[in-house]
Amino acid sequence: MDIYTDGSCSENPGPGGWGVLFLHEKKRKELCGGEPDTTNNRMELTAAIMALETLKQPCNVRIHTDSKYVCNGITQWMRLWQSNGWRTSSRKPVKNADLWQRLQKALKRHKVEWFWVRGHAGNAGNERADALARKGMEKFLPR
């Protein structure tokens, strides 16, 4: 299964949204949501979390994200943060540790491969996830 995730904020911090596109064989499913006061990085993490938590049974998935923060955090930084008691190498608390820990828990059920894709570069899955993230943010924007 391929999953495209994206997060968005109108201001950073500010109203934000997240979007998820699931593609499996010929089936597709879309999810989105948002928060009134958040950051882009929190929405990027939330998109990945919601994707994994939504899966009803353990799966082999490929997650495609345009967030280097999420990709690098998962593939390079998270193990070190955990071994340091959720502190960075400079001993500062990890930003968004609550979401990193939630993502770590969600990962335990699945076999996940992570792929970084360039955002806003014509990748259809990424473009749809971006549109879903903006849709999730809409109800929190001033009228």
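User: How do strand E2 and strand E3 pair, and over how many bridges?

Analyst: Strand E2 (residues 14-24) and strand E3 (residues 27-38) pair in the antiparallel sense, over 10 bridges. Strands here are DSSP runs of E with at least two residues, helices are runs of H or I with at least four, both numbered from the N terminus, and two strands pair if DSSP finds at least two bridges between them. This is a predicted model, in which local features need pLDDT of at least 70 and side-chain atom pairs count only at pLDDT 80 or more, while totals for chains, interfaces and linings use all residues. Residues are numbered from 1 along each chain as its sequence is written, and side-chain values use heavy atoms, with hydrogens and water left out.

User: Okay, and which residue takes a positive phi in the hairpin of E2 and E3?

Analyst: That is Glu 25, with a phi near 55°, in a hairpin that has two residues between the strands. Phe 22 stands opposite Lys 29 of E3.

User: What about E1, which strands does it pair with?

Analyst: E1 pairs with E2 in the antiparallel sense over eight bridges, and a hairpin of four residues joins these two strands. E1 also runs parallel to strand E4 (residues 60-65), with four bridges joining them. As examples, Asp 2 has Leu 23 in E2 as its bridge partner, whereas Ile 3 has Ile 63 in E4.

User: Is E1 (residues 2-9) mostly covered or mostly open?

Analyst: Strand E1 is mostly covered, since eight of its eight residues are buried, where buried means under 20% relative accessible area with a 1.4 Å probe, protein chains only. Both faces are covered, with Asp 2, Tyr 4, Asp 6 and Ser 8 on one side and Ile 3, Thr 5, Gly 7 and Cys 9 on the other.

User: Switching topic, which residues line the largest pocket?

Analyst: The lining includes Met 1, Phe 22, Leu 23, His 24 and Lys 29, and the elements that give two or more residues to that lining are E2 and E3. A pocket is an open set of points on a 1 Å grid over the protein atoms alone, where a 1.4 Å probe fits, with protein on both sides within 12 Å along at least five of seven lines, and lining residues have an atom within 4 Å of a point.

Note on methods. Buried < 20%, exposed > 50% of the residue type's maximum accessible area, 1.4 Å probe, protein only.
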